[in-house]
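Take a look at the structure first, then read on.

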Amino acid sequence: MSGQQGKWREDQVLVICPGSQTTMAQLGCSELTPPAHRIPTRMFKDEDGEGYRPHHTYKRKKVDKADTVPPADGAKEKKNEKDEDEDEWEYVEDRDSVEGAIYPMQGGRIVNMPAFLAFLDHVHSLLTATFHNTPIVLMASPQWTRPDCEAITRYIFEKTKTPALCLLHSAIAAQYGLKWPHMTVVDIGFEKVDVTCIYDSNIVSHKDLGFPTPVREISGGEVFTQKLWSLLKDKGFTYEMAEQLKKSSICEVLPYVPELPELMELPTETQAALSQGAAQAALPAEVPKIAEPTKPALNGDNDAENGESKEADEGVLDVANIVTSGNTREFLAKREKEKAEKAKTKKQSKGQETEPAAGKLVRLPNSKRKTNLFHYEDLEHEDVQVPVSDHTSKPDAVATVSGEAPMSEAPAATGNISTSEEAKTESKPTEDGQGNAQAPSDAPADVVKTATERRTKRVRKDIEVGLERFLFVDRGEVNRITDTIYHSIQSIDDIYKRSACWDNIVFVGNGSRLRGLKENIIQTLISRHLISPSTATIFTSELPSNMATPSGTGAQTPTGSFTGQLPTTSSVNPLLLAATTASLGIPGQAHPAGSNAGDGTGHHSHGQTPMSIKQAVQPTYLTDWTKNGFEEAMFLGSLVAARLAYCIHNLDVHAAEFQRYMSLNRVEYNESGPKAIRTHSMLP
C-alpha cells in the first residue's frame, strides 16, 4: 500500500481550500504562489430537478424566433406569435447574480451537505480533465465533525474517482505556510474566529467564536461590516457600499488608547488645524531675492546664428585668435569666472523653484482627518438588443436604410424592437453624399435579426465619509477576540508551552485584512494581560528551592569582610536574577532525569502570566506572498503539504510510513471504508 504514495507529479495535485464565502483552488503545487482561482462558495437550486447549478439561470426568448423583422403579411405573423411554445425559450447563466444562492458553509460549519458535495464536484470538474490520476488535498475547517469528514471522503472516492485524498487541518496548514513550530493561529473569517495553539507541530488548545445554532451569533469580519452599515444606512449606503468601504484604505482601526472613553483617539478639527499650522511653521521662511548686476550684452551676431543659442557652442574656443592676441591667461581666467557665475545662477533659480513646492500644505494621514473621500465603484448590468450579422445582408446598407449610427457609437439602452423596425419601414427616401436616391421605404427590406446581450458598465461615485470610518470598530467584538486568545493559551495543560504561544501570534483569514485590526488586538492584549518582568514582587513565591533561607542564628548576616559589589539602584536584583534563570540551567550542573531545565525552551516557571506578547515574524523569501499578504497562508501551507504527501520520493522506511499516514489512497479506502480517514489524514 505504501508503494502507491509519492507516485504523482507536482502538476497533478489538486488543492482546494473551502471557505464560507470564497474557495481557493489550484491545480498543481510546483509554484508556491497565491491561489490561481477564487471561486464563490455557493450553489443554486436546479428548477427542473433536485440537483444544483453553479450559477443563477433565467429564461429568455431565443433569437431566431423572437426578434425578426415582420414580413408583408403581418396578420399571419401575429397568428404565429400566439402559437409559441416552450421551444422558443432558453436558459441563460448569470455568473454575477446571487439571487437564490445557497451557501453550504456558515461560520466554518457545513450546514447543507448535498450542496457542499455538489460544489466540490463543480470545482473538481472545473479544474481537472482526468478523474483517475488527480490526488486531492482538501483543507478542513476545525468545525467539521467526523461524520462530515467521512461523508466527504465517501463522495470524493465514489464520485470523482480520485486515487488519494489528504484532509488537512486549517491551523496546521497555516503553520506549514509560516514555518514556526510553536504559534497561536488566529483565523478571522467571514462569520467566525478560530484560535488554535500549536506547540511542536501539535494542536494543544483550540477555541472558536461564531456558533450559528441554536441562536445565530456571528463573529469576525461580518460584525464590522454590519456595524459600519448601521452607522451609514441613514446616508443612503447599501450593504455592498459598506463592504467596499470597509475594504478601502480610508477605513481603519485606530490604535488602542485605554485612557480615553472611546478607547481610541479620534481626529478633531482643532487637531487637524494644529497639524497643518505646525507643518507650515516647519517650512523655511521666504528668502528675499537678491538683485544681481546686469551682465554686459553680448554681440547679437555671435550669440545666435540661424535661431540657435551660443550655449550650444559652449566649450569651443578659437585657439588661433587666443594665441595671437597674447592674453591667453586673462582670457582663460575670464572664461572660468563666467562658468562659475552661470552655475551659481542656475543653482539659485533651482532653489527658488523648489520653494513653492515646499510651501504646499502637507498631506495629513487618514487617522488625522475628520473626513475623507471614498471612491465607490459599482457595476450596472443592462440587456440591450444587438443586430446579428447575416451573410446575405450588408451592415452598411442596413445602417443607411435605418438612418441609425453604428453600434459602437449607439447608446447602451435601446427602444423596443418593433418600434425601431416600424421606423425603418416608414423612413422616407434620402440621398447619399453623391446625390443618388436610395431605396424607398415601401421596398422589401431584408430581415434583420437581433440578439439580447447583457452589457456591464462601471459607475464611480465619490462620497465623503466622516468619523464613521473609525467608529465602526465594535469594541465588544475586539474584546471577545482578545479574551478568546487569552483563554485559549492559558488553557494549555503544560505551563511551559504557553510562553512560546504568546511570543508567536499570527493572524490569518481575510477578515484580518482590516487596516489596523491586528495591531489593535495586540495592543489590547498587552495592555490587559501583560506582566512586566521588572516587577520583582511577582517572584517572591517563585524563588528556586536551592537558595539559602535566612535563619535566626545570624549566619547569613553580612559582615565587614564582604568584598563584592554593594547592591545599588542600577544593579540587578539578585532575587529577580535567581528567579528568572532558575529554569535555564547552569553549565556543568547536573539536572535530574525528566527535567526541562537547560533545554532552552524559555521560562518554564512563569507560564501562568504572560511576560511577552508578540506577533510572529512573517517570512520574506516569497515575493508573491509578501505582496499578497499572508492572510491566506493556509493555502500556502496546503501547497507545501501536497508536496510532502504526494511528491516526495526516495524516503527511508520511517519517513515513508509517516508519509503513508498523511493521506488515504484508494486501496486503503476499499479495505477500510471512509472511516480510515480518521487515521490517514492530517487532522488532530
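Let's start with lysine 518, which is buried, at a relative accessible area of 13%. Keep in mind that you're looking at a predicted model. Lysine 518 makes a salt bridge with glutamate 631, and their closest N and O atoms are 2.6 Å apart. This pair ties together distant parts of the chain: lysine 518 is in helix 17, while glutamate 631 is in the loop between helix 19 (623–628) and helix 20, 113 residues apart. Is glutamate 631 buried or exposed? Glutamate 631 counts as buried because its relative accessible area is 8%, and the cut-off for buried is under 20%.

## Other salt bridges

Across the whole structure, a search turns up 21 salt bridges. One of the arrangements is a network in which Asp187, Lys192 and Asp194 are joined by salt bridges with shared partners.

Then there's glutamate 477 with arginine 480, where the closest N and O atoms sit 3.2 Å apart. Both residues belong to helix 15, three residues apart, or about one turn of the helix. Glutamate 477 is buried, with 2% relative accessible area, whereas arginine 480 is partly exposed at 26%.

Aspartate 462 and arginine 460 form a salt bridge too, with 3.9 Å between the closest N and O atoms. Here aspartate 462 is partly exposed, at 48% relative accessibility, and arginine 460 is exposed, at 53%.

## Where helix 15 meets helix 17

Two packed helices are described by the angle between their axes and the distance between the axes. For helix 15 (residues 475–490) and helix 17 (residues 517–529), the axes come within 10 Å and cross at roughly 65°. The crossing is right-handed.

Which residues of helix 15 meet helix 17? On the helix 15 side they are Arg475, Val478, Asn479, Ile481, Thr482, Asp483, Ile485 and Tyr486. Their partners in helix 17 are Asn520, Ile521, Thr524, Leu525, Arg528 and His529. Sorted by class, this contact has six nonpolar, five polar and three charged residues.

## Serine 638 and its contacts

Finally, find serine 638 in helix 20 (residues 633–646). Serine 638 is buried, with a relative accessible area of 1%. What does serine 638 contact, leaving aside its neighbours within four places in sequence? With those neighbours set aside, serine 638 is in contact with Val15, Cys17, Val137, Met139, Leu168 and Ala173.

Note on methods
Residues are numbered from 1 along each chain as its sequence is written. This is a predicted model: local features need pLDDT of at least 70, side-chain atom pairs count only at pLDDT 80 or more; totals for chains, interfaces and linings use all residues. Side-chain values use heavy atoms; hydrogens and water are left out. Axes are lines fitted to C-alpha atoms, for helices over the stretch in contact, and angles run from 0 to 180 degrees between N-to-C directions. Helices (H or I, at least four residues) and strands (E, at least two) are DSSP runs, numbered from the N terminus. A crossing is left-handed if the near helix is turned anticlockwise from the far one by less than a right angle, and right-handed if clockwise. Contact means heavy atoms within 4.5 Å. Ala, Val, Leu, Ile, Met, Phe, Trp, Tyr, Cys and Pro count as nonpolar, Asp, Glu, Lys and Arg as charged, and the others, Gly among them, as polar. Buried means under 20% relative accessible area, exposed over 50%, partly exposed in between (1.4 Å probe, protein chains only). A salt bridge is a side-chain nitrogen of Lys or Arg within 4 Å of a carboxyl oxygen of Asp or Glu.
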